[in-house]
Amino acid sequence: MSRRRQIYEGKAKILYEGPEPGTLIQYFKDDATAFNAQKKGTISGKGVLNNRISEHIFTLLANIGVPTHFIKRLNMREQLIRQVEIVPIEVVVRNVAAGSLSTRLGIEEGAQLPRTLIEYYYKDDALGDPMITEEHIACFGWASQEEMHDIADMAIRVNDFMSGLFAGIGIRLIDFKLEFGRIWDGDFSRIILADEISPDGCRLWDMTTNEKLDKDRFRRDLGGEVEAYQEVARRLGLLPEGSDTDVLDLDSHRKKRGK
């Protein structure tokens, strides 16, 4: 088998040339970073868990009509995805005060926000992904007004769906990060959801105990990162009860449950 050509390597994933034009293979690493890569480490098995969790959520989102880059999972660590032109904006959706929002505005962490808040950050590691406004986006042409409407509408729709999904398994969706990309058809493009959705980019708290089930365990040196990610996967039905290390094959799991 010939070696695939690497297209890009980020902090948590590697993108390889796909088997067909317009496709890529997305590989999930175990590397963990925080504070714009100032803190680095490894969470054993994280890539496998994030692959499965992201596959599950993207599949459910596609079922309710949210367009995404996800095509199918190839193996334990890889997905086949559509190649998109990434919009250089990180979209952060906040339901509860936490992290940088609490620090910036002096709001107690865990306080419910009066309404869902959408923030935008310019994707540039060298600059520390600075927070930006829609005025910046329009001024520098990072996205059109129509694209921003699509992005905001999609972000709210994803938030509504995921809030219900996680509430159903006893998890409070505090905030999360989304990325979007353009797919071109001749001179016309449309916006679709890209990247991943996993405990790497979401704050997830147990509804009863407020235990953190996300990458904040790594950021804040709380320990138990693997167990937290496994717990999210287990509650989503992606790990068998009582399993500590094995990640169940999703197709086999569905067949066993008669779905």
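In which helix does Asn51 have its place? The answer is helix α1, which covers residues 46-63. Keep in mind as you look around that this is a predicted model.

Let's stay with Asn51 for a moment. Its relative accessible area is 0%, and since buried means under 20%, Asn51 counts as buried. What does a polar side chain like this one meet there? The side chain of Asn51 makes a polar contact of 3.0 Å with the side chain of Gln79. A polar atom of the Asn51 side chain also lies 3.0 Å from the backbone oxygen of Asn75. Leaving aside residues up to four places away in sequence, Asn51 touches Asn75 and Gln79 along with Phe28, Arg73, Met76, Arg77 and Glu78.

Now turn to the nonpolar side of the picture. The largest nonpolar core holds 47 residues, and Ile89 and Ile197 are those with the most contacts inside it. Helix α4, residues 145-167, supplies the largest share of this core, with eight residues. If you click on Ile197, you will find Val158 and Met162 among the residues it touches, together with others including Ile53, Ile57, Phe58 and Leu61.

Buried residues in α4 include Glu147, Ile151, Met154, Ala155, Val158, Met162 and Phe166. An α-helix has 3.6 residues a turn, so residues three or four places apart point the same way.

Conventions. Residues are numbered from 1 along each chain as its sequence is written. This is a predicted model: local features need pLDDT of at least 70, side-chain atom pairs count only at pLDDT 80 or more; totals for chains, interfaces and linings use all residues. Side-chain values use heavy atoms; hydrogens and water are left out. A nonpolar core is a set of buried Ala, Val, Leu, Ile, Met, Phe, Trp, Tyr and Cys residues joined through side-chain atoms within 4.5 Å. Buried means under 20% relative accessible area, exposed over 50%, partly exposed in between (1.4 Å probe, protein chains only). Helices (H or I, at least four residues) and strands (E, at least two) are DSSP runs, numbered from the N terminus. Contact means heavy atoms within 4.5 Å. A polar contact is a pair of N or O atoms within 3.5 Å; within protein, one must be able to donate a hydrogen and the other to accept it, and residues adjacent in sequence count only if both atoms are side-chain atoms.
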